Structure formats: C-alpha cells, structure tokens
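Trainee: I've just opened this one for the first time. Could you walk me through how it's put together?

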Amino acid sequence: MQSQTVVCERNEHLVYRCIKCGCYWDTNGYNKEELKELILQNKIGVSSGYCPECLRGQAVSKIRKSQKQNGYPSCYLKAEESCDQTACCYRSSCLEEEVDKWRDLVVLRNSYIEDKEKS
Ligand SMILES: [Zn+2]
C-alpha cells in the first residue's frame with residue numbers, strides 16, 4: 001500500500017519536501033519565516049514524499065488501481081465537492097478543499113531556493 005507522505009512523529013523539527021517539485025511544507029504550525037531560514041541553512045530534518053499537487057498530476061491511474069485492489073471505489077479525483085470516505089489516505093490530494101488547506105502549509109516553493117542560490 002502506497003502512502004503519500006512519510007510521517008515521523010518523534011522528530012518535532014521536521015518539514016516535508018516534495019521529491020518532484022521541491023516545495024517544502026510544515027504540519028506542525030511553526031513560524032514560516034523561521035522555518036525558511038532553517039531549511040535554507042540545512043538545519044531541519046526533511047521527510048520526502050509527493051506533495052498533493054504533484055501526486056494529482058502523476059499517479060492518478062496508479063492510485064485508482066490501488067483503491068480498487070484494496071476494496072474501495074476507484075474514485076480518486078472524481079469527487080465533485082465532498083466525499084464520505086473520510087479515512088481515505090488519498091483524501092488530502094483528492095479534494096480541492098484539502099489541497100487548499102495544504103497550500104496554506106507550504107513554507108517554500110522551490111523557486112525561492114533557486115533565487116536564493118543565484119544571488
Ligand atoms: Zn510537488
């Protein structure tokens with residue numbers, strides 16, 4: 001079974017990084033400006049996975065197949081508004097409102113780092 005993020009509950013200082021687009025996001029509610037600095041100085045643990053936007057863009061058929069194999073409706077990205085599968089592990093990238101919530105957690109887009117490295 002494929003999981004979209006790797007979760008490490010023990011390490012408080014951990015951000016997530018998308019292996020495709022390189023964006024960073026945080027689920028612990030830390031100050032984003034402080035996190036940016038920690039990331040740029042490599043002073044924070046990073047857990048890699050796909051961000052919801054990239055997952056949406058590339059794994060649709062794989063995810064639907066996995067849903068079916070695990071006995072669920074293969075409904076990924078088919079929901080118009082809401083979905084009653086509240087425990088679904090793909091929910092965070094499937095529903096637009098969940099992706100919007102994730103966008104609020106983004107600390108850094110990759111372009112920010114590239115800009116910083118150029119200067
Ligand atoms: Zn991404």
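What follows is a short chat about the sheet, a helix and the cores of this predicted model.

Trainee: In what order do the strands of the open sheet run?
Mentor: The sheet is open and has 4 strands. Their pairing is mixed, and the order is β3-β1-β2-β4.

Trainee: Which residue in β4 is the bridge partner of Trp25?
Mentor: Start with the strands: β2 and β4 pair over 2 bridges, in the antiparallel sense. Trp25 has its bridge partner in β4, and that's Val106.

Trainee: At about what angle does helix α1 run to β4?
Mentor: Helix α1 covers residues 32–40 and lies across β1, β2 and β4. Relative to β4, the helix runs at about 45°.

Trainee: Which element gives the largest share of the largest nonpolar core?
Mentor: That core has 11 residues in all, including Val15, Tyr24, Trp25 and Val107. Two or more residues come from each of β1 (14–18), β2 (24–25) and β4 (106–108). The largest share is 3 residues, and the element giving it is β1.

Trainee: How many residues are in the other core, apart from that one?
Mentor: You'll find Tyr76, Tyr90, Cys94 and Leu95 among its members. This core lies apart from the largest one, and its count is 5 residues.

Key: Residues numbered from 1 in each chain as written. Predicted model: local features only at pLDDT ≥ 70, side-chain atom pairs only at ≥ 80, totals over all residues. Core = buried A, V, L, I, M, F, W, Y, C linked by C-beta atoms within 7 Å. Buried ≥ 20, exposed ≤ 12 C-beta atoms within 10 Å, placed from the backbone. Pairing = 2+ DSSP bridges. Contact = placed C-beta atoms within 7 Å. Axes fitted to C-alpha atoms, helices over the stretch in contact; angles between N-to-C directions.
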